[in-house]
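Please read them with the model open.

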Amino acid sequence: MLARVAQTLYWTARDLERAENLARLLEVSQAAALEGQASNGAGGRLVWEPLVRIAGDMGSFLETHRRADERSVPWFVTFGRDNPDSIAACLNRARENARSVRDRLPTEVWEGVNDAWLELADWPPARITRDGVYPFCRGIRRSSYLILGLVEQSMRRDEGWQFMRLGRFLERAERSARLVQARHAARAEGSDAGALDMHGWRALLGDASAHEAYLQVDAAALSPESISRFLMLDPRFPRSVAFCLGEVEAAIGDLVAMDAMAPDPAPLVLARTARDMVESAARRPWGGPEVADLLERLLARCASIDASLADSCFLAAYERAPVGQRAQASRQAQN
């Protein structure tokens, strides 16, 4: 497979996953902000800034906005022209990338991506203000789930499918780790306390679409420690960091078996060490400053895997990648 094609499929999956994650996070954050207004009048003060931090775009946000609130953040996350990782920007890149490799995608997958973009075009920015974020976020999520289902049901498990699998789960691992990191940071700074703290941790389960799955595993122990442990270490929940890193390692291993990568490539070594970090943490008591350190190391390792893939698999295409993709890859390596 050409390096350009591999990179394009990888970033198509990452951008689709990122758009769906942002839509889910925005929907849950809007609900949390409204509940905060009803309960203590604090509004979204403790909601909107963490959302931008989880998205990893605080620097670019502060360049064009003075503060994070219920108006600036939804606009920035959905259609912000100055945000290269907005939902609109992610779907636009995914569509352009998918169009450039249509011969490697089933027709149904291309049509699903194109339909998602066309539905987005029916949402002029003023409609967000008029109709609210809920219909918009639900539409993005439905489109993302449809595309993922088409990929899983119609694509041959060849190199292209493996590169899309790799992009999807590496993006998901990073986002899940950022979710937990944001909650731990808020707790360490003392901005959450008592019932408000617990409410934030429950909202975290919603951010990760994990509430019902968590209750099936540990309904009796609804605590910050048990929630963060579930989202980090549960080996069977498809949005936990442990599960996602396992999929990343498996995808790279399958690519090696297909001769699409050299034996024991650097990305595989990095993925194995990341998985070892998670397995080691699962054998120790959970909690304390070790969690924050683990999160930092795992996020750094995800960025290293992405950078290593660029060096070993995508280098020839990387120089010719669109400017938006180069900037996005650069941010991933720096975060």
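1. First, a term. A crossing is left-handed if the near helix is turned anticlockwise from the far one by less than a right angle, and right-handed if clockwise. Helices (H or I, at least four residues) are DSSP runs, numbered from the N terminus. This is a predicted model: local features need pLDDT of at least 70, side-chain atom pairs count only at pLDDT 80 or more, and totals for chains, interfaces and linings use all residues. Residue numbers start from 1 along each chain as its sequence is written, and side-chain values use heavy atoms, with hydrogens and water left out.

2. Start with helix H5 (residues 87–100) and helix H6 (residues 107–121). Their axes come within 9 Å and cross at roughly 145 degrees. Axes here are lines fitted to C-alpha atoms, for helices over the stretch in contact, and angles run from 0 to 180 degrees between N-to-C directions. The crossing of H5 and H6 is left-handed. On the H5 side, the residues are Ala88, Leu91, Asn92, Ala94, Arg95, Ala98 and Arg99; they meet Trp110, Val113, Asn114, Ala116, Trp117 and Leu120 of H6. Contact means heavy atoms within 4.5 Å. By class, this contact has nine nonpolar, two polar and two charged residues. Ala, Val, Leu, Ile, Met, Phe, Trp, Tyr, Cys and Pro count as nonpolar, Asp, Glu, Lys and Arg as charged, and the others, Gly among them, as polar.

3. Next, helix H14 (residues 266–282) and helix H15 (residues 289–312). They pack at about 165 degrees, with their axes 8 Å apart. H14 and H15 are therefore roughly antiparallel to each other. The cut-offs: under 35 degrees is roughly parallel, over 145 roughly antiparallel, 65 to 115 roughly perpendicular, and the rest oblique. The crossing of H14 and H15 is left-handed. Contact residues include Leu270, Met277 and Val278 of H14, and Leu294, Leu298 and Ile305 of H15. The contact of H14 with H15 divides into twelve nonpolar, four polar and two charged residues.

4. Which way do H11 and H12 cross, left-handed or right-handed? Their crossing is right-handed. The axes of helix H11 (residues 211–218) and helix H12 (residues 224–233) come within 11 Å and cross at roughly 110 degrees. H11 and H12 are therefore roughly perpendicular to each other. Ala213, Tyr214, Val217 and Asp218 of H11 meet Ser226, Ile227 and Phe230 of H12. That contact has five nonpolar, one polar and one charged residues.

5. Now the cavities. On a 1 Å grid over the protein atoms alone, a cavity is a set of points where a 1.4 Å probe fits but cannot get out; lining residues have an atom within 4 Å of a point. Grid points are joined across faces, edges and corners, and a volume is the space filled by probe spheres set on the points. The count is five cavities of 30 Å³ or more.

6. The largest cavity holds about 160 Å³. Leu16, Glu17, Ser144, Leu148 and Arg168 are the closest to its centre among its 13 lining residues. H8 gives the largest share of this lining, five residues. The lining has seven nonpolar, one polar and five charged residues.

7. The second largest cavity has a volume of about 120 Å³. Its 13 lining residues include Asn21, Arg24, Leu25, Arg175 and Leu179, the closest to its centre. H1 gives the most to this lining, with five residues. Five lining residues are nonpolar, two polar and six charged.

Note on methods: Helices (H or I, at least four residues) and strands (E, at least two) are DSSP runs, numbered from the N terminus. On a 1 Å grid over the protein atoms alone, a cavity is a set of points where a 1.4 Å probe fits but cannot get out, and a pocket is an open set with protein on both sides within 12 Å along at least five of seven lines; lining residues have an atom within 4 Å of a point.
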